[in-house]
Amino acid sequence: MTDIRDDVHECVRAQVAARADALWDVALRLHADPEYAFAEHRAAALLCGELERAGFAVERGVAGMPTAFTARSGRGRPAVALLLEYDALPGLGHACGHNLIAAAGLGAALAAASAVPAAAGTVLAVGTPAEEGGGGKALQVEAGVFDDVDAALMFHPGVHSWVRAPLTAQVQYRVAFHGRAAHPTGNPTEGIDALAALVELFNVLAVLGRRLPEGSHVQGIVTHGGTATNIVPEFAEGLFGLRAATTEALDELTERLRVCVDGVARATGTTCEVERATVRYEHFRDSAALSERFAAHLAGAGIPLSPPVPGVYLGSSDIGNVSARVPAVHPFVAIMGEDGSDHTPEFAEAAASPRAREVLLAVTRALACTAVDVLLSGELRARAWAGHRTA
């Protein structure tokens, strides 16, 4: 007997094929017109327009962000979310390939909604601004956008084809030291050098870094170091990026930073302030059940996915916050060779290449087929939620 999902998958593939040129056109239009965190107005308008024309109910400005949106087809539970990223990198454009993420999420949502009846559940396209800095998804999680969702699906173009994403937890802190100004020659003993305290913090953190576990590190820069060489700096400030393999390890690293800052302040006679400067990105929790299903669909298009190389991490993303709330996938699919890197002009060029088009269409089919599997298979949903609760 033929599984009903076989017919649905065939319908999905036909839908993606029929929309192939239109999806590639969306990807190229986004690529040619890069916009940045929380200012992706034209990108959001383009994507919302496509979804509205297909009959989706679109809500703009969700979670208090003008360029965030949700677009809904169908009703009730189960519900599957396709995630769209569309922010670019200042000076580099779409050097992270978010134009492809947006087009794939759009195409998968349209194909999945066309392939299943409304009574099967809800297909939700979620427009997520500011992944490169600002954490749109984290804000959406806090606002409850994913509260009634059973799975969140997206992909990321890269230089590897990996079934899951080794993404660390990440946050940034501003650290300020306050001292007392003085003339370095006329009355040097009256001064308390805030910059010296900040420099000492860098030294302490360098020693700490030798003892941190795999995946953890602290990287800092000086954002204010004084005003003139003939004045002992009374104020100095640095910005420190913290990463760790898990959210729990990031919390521990944050506490170590605070201890180091307090110790330096006491030793140097300064006072200190530690203030979180960004939204915290949690580490990514992969849904093995959903990732295996996606990988099987993508293998049918001739793109095999392998496990990530142990000990290699690919940065951080606010998809981690979503994955803490619902079962999620975030595979990487290569659009250029492993000798390359994202966040480069070469990767931006690759994001509009013939290979990128092939990957876009294959990934769109795989995402849409996985989405309909979530809607039609209670067994798959049960396995995904069981794995999520034990992650």
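Visitor: How do the axes of H6 and helix H7 cross?
Guide: In this predicted model, the axes of H6 and helix H7 (residues 247-268) come within 10 Å and cross at roughly 135°. Axes are lines fitted to C-alpha atoms, for helices over the stretch in contact, with angles from 0 to 180 degrees between N-to-C directions. Helices (H or I, at least four residues) and strands (E, at least two) are DSSP runs numbered from the N terminus.

Visitor: And what are H6 and H7 to each other?
Guide: H6 and H7 are oblique to each other, a class left over once angles under 35 degrees (roughly parallel), over 145 (roughly antiparallel) and 65 to 115 (roughly perpendicular) are set aside.

Visitor: Which residues of H6 make the contact?
Guide: Among them are Ala 197, Glu 200 and Leu 201, while H7 contributes residues including Leu 253 and Arg 256; contact means heavy atoms within 4.5 Å.

Visitor: New topic: how many aromatic pairs are there?
Guide: The whole structure has two aromatic pairs, with ring centres of Phe, Tyr or Trp (its six-membered ring) within 6.5 Å; planes under 30 degrees apart are stacked, over 60 edge-to-face and the rest tilted. Phe 69 and Tyr 86 are stacked, at 6.0 Å centre to centre and 10° between the planes.

Visitor: Are Phe 69 and Tyr 86 buried or exposed?
Guide: Both Phe 69 and Tyr 86 are buried, where buried means under 20% relative accessible area, exposed over 50% and partly exposed in between (1.4 Å probe, protein chains only).

Visitor: What about numbering and confidence?
Guide: Residues are numbered from 1 along each chain as its sequence is written, and side-chain values use heavy atoms, without hydrogens and water. Local features need pLDDT of at least 70 and side-chain atom pairs 80 or more, whereas totals for chains, interfaces and linings use all residues.
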